[in-house]
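Dear colleague,

My findings follow directly after it.

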Amino acid sequence: MSELYKKFLKDSERVAFDKNHRKKINFNIGKYDAAVINGKRQYRDLELAKNRAAYIKHKVLENLDKYLNEFETNFERNGGHIIWAPTAEDAVKEIVNVLQKNAVKVVVKSKSMITEELELNHALEKAGIESVETDLGEYIVQIANEKPYHIVTPAMHKSKEEVAELFSEKFGIPQNSTPEQITSFVREKLKEKFIAADAGITGANFLIADTGSVALTENEGNGVLTYSLPKIHLAVAGIEKIIPSIRDLDLFWPLLATHGTGQNMTVYNSIISGPRQNGEIDGPSEMYLVLLNNGRTELLRHKEQRRSLSCIRCGACLNACPVYKNIGGYTYNTTYTGPIGAVISPHLQGMKEYKHLSFASSLCGKCTEVCPVKINLHELLLANRQESVKLGYTASSDRSMQKWAKKILKKRRMMDFGGGKMKNIVLKMFLKKAWGPRRTLPAFAPKSFNKLWEEQRGEKKKS
């Protein structure tokens, strides 16, 4: 059993029985569920929209090299600079080089999971560059020295009272401050950072191949300020973020908003096609886009699991997952959590170390049901499990148990041996620990169905 797996089990045990944590998560996800029901009412045929989105993403993944080349050509024609990053280390090195070359001391960042994947804030701090998160949820977890709890809602695990206590401790504001007062306080602090920043860093929700543009969607306006005020804009995106045409946004933006927050559309939707052009009065003088691989081509080579690269990071599968709602986001110990994280993390970070995430599922299929791009997540979890077994990443006790189960189940004589009483004894001896301390072992009936059937047939023959 790996150390990561041991930690996962220990953390799961602790969080699952934390009633205060459960109350906060159920409250926040409950509000999300209610909003999504209303958001979906804008669709006359939601399944058709999801099928179209799934088809487009499938087409992109099957022709990824073509679309990436098209995007690169158009983006550079617009005046942008592409940086290809095979690994997270390459991406961080290139980003730091650009910032140091331009003597950048302060960076503002909009919410971006891919920069969390790079652990970019930590790297910038080591390089002597101040990095400030400008999304309110991200800002909260940054000053708390924590990582985002959720793909869409970084501070979902904190109550308003806990946030007020945190801000009182860090900034000395009254401990009974309301959410509105805290928001106003943060707005004033961030204004100073936006003005002082030499560079802005964003992620990218979509990369548009036919125009060479970055599409960014957010609700607070911080993203718009992050890329438009500083002299340098650095965007970071995974190579899978491509969509073929700007016309596809009318499909993907509402799907992302509806499944991410329950809105018809998010408040701020930007299409960024490069740095400031001649005659334009605002925008950065330079724009760079870091295109990150970091294991994505490893995932792409798997015929089944490559479908997970269609993900648009809406977070719907996390909110639907009974496991996530019980063990929370930090237990996964990965950037991407919930069902989508359990599918992709073993490929991005190593199957041997992270295979246990694919087993942390009830396989109820709710994640597949809610996915806006029709990723068959629960089936991909099974594919990961199968792969981990083929690679030999299973405990010897598990292999031995499966071996004996196969022998017994193939022979009726062995299945009937000893009757129900003997079977119950064997079950307690060999499976009680694996079954778990909080579940009652199922009990075998005194007589098997086969035995009862034979007896019934015998009685009929006598009569």
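Does K423 count as buried or exposed? K423 counts as buried, because its relative accessibility is 18%; buried means under 20% relative accessible area, exposed over 50%, and partly exposed in between, with a 1.4 Å probe and protein chains only. K423 belongs to helix α23 (residues 419-435). Beyond its neighbours within four places in sequence, K423 is in contact with M415, D416, F417, F444 and S448, where contact means heavy atoms within 4.5 Å.

Two remarks on the source are needed before the rest. This is a predicted model, in which local features need pLDDT of at least 70 and side-chain atom pairs count only at pLDDT 80 or more, while totals for chains, interfaces and linings use all residues. Residues are numbered from 1 along each chain as its sequence is written, and side-chain values use heavy atoms, with hydrogens and water left out.

Overall description

The protein has 463 residues, of which 50% count as buried. Its C-alpha trace spans about 100 × 55 × 45 Å along the principal axes. The secondary structure comprises 24 helices and ten strands; these are DSSP runs numbered from the N terminus, helices being H or I of at least four residues and strands E of at least two. Of the contacts between residues at least 6 apart in sequence, 73% join residues at least 24 apart.

The protein exposes about 24,200 Å², and carbon and sulfur atoms supply 53% of that area; the areas come from the Shrake-Rupley method with a 1.4 Å probe, and for residues only the protein chains shown count as cover. There are 70 positive and 52 negative side chains, and the centres of the two sets lie 12 Å apart. Lys and Arg count as positive and Asp and Glu as negative, whereas His and the chain ends are not counted. The place of each charge is taken as NZ of Lys, CZ of Arg, CG of Asp or CD of Glu.

The six-stranded sheet

An open sheet of six strands has the order β1-β10-β7-β4-β2-β3, with parallel pairing; two strands pair if DSSP finds at least two bridges between them. Strands β1 (81-85) and β3 (130-133) stand at the edges, each with a single partner strand, so one side of each has no neighbour in the sheet. On average, neighbouring strands of this sheet are turned by 20° against each other, direction ignored. Axes here are lines fitted to C-alpha atoms, for helices over the stretch in contact, and angles run from 0 to 180 degrees between N-to-C directions.

Strand β7 (residues 232-238) runs parallel to strand β10 (residues 286-292), and seven bridges join them. Within this pair, A237 has L291 as its bridge partner, and H233 has M287. Strand β4 (residues 199-202) also runs parallel to β7, joined by four bridges, with T202 opposite A235.

How many of the residues of β7 are buried? The count is seven of its seven residues. In a regular strand the side chains alternate between the two faces of the sheet. In β7, I232, L234, V236 and G238 are buried on one side, and H233, A235 and A237 are buried on the other.

Helix α4 (residues 64-77) lies across β1 and β10 and runs at about 145° to β1. Helix α10 (residues 179-196) packs on the sheet, touching β2 (106-109) and β3, and its direction makes about 135° with that of β3.

The four-stranded sheet

An open sheet of four strands has the order β8-β5-β6-β9, with mixed pairing. Here β8 (242-243) and β9 (268-272) stand at the edges with a single partner strand each, so one side of each is left without a neighbour in the sheet. Strands β5 (residues 206-208) and β6 (residues 213-218) pair in the antiparallel sense over three bridges, and L207 of this pair stands opposite V214 in β6.

Two loop residues

E119 has a phi near 50°, a positive value in a residue other than glycine. E119 lies in the loop between α6 (113-118) and α7 (120-126) and counts as partly exposed at 43% relative accessibility. L363, also a residue other than glycine, has a positive phi near 55°. L363 lies in the loop between α18 (356-359) and α19 (366-370), and at 26% relative accessibility L363 counts as partly exposed.

Yours sincerely
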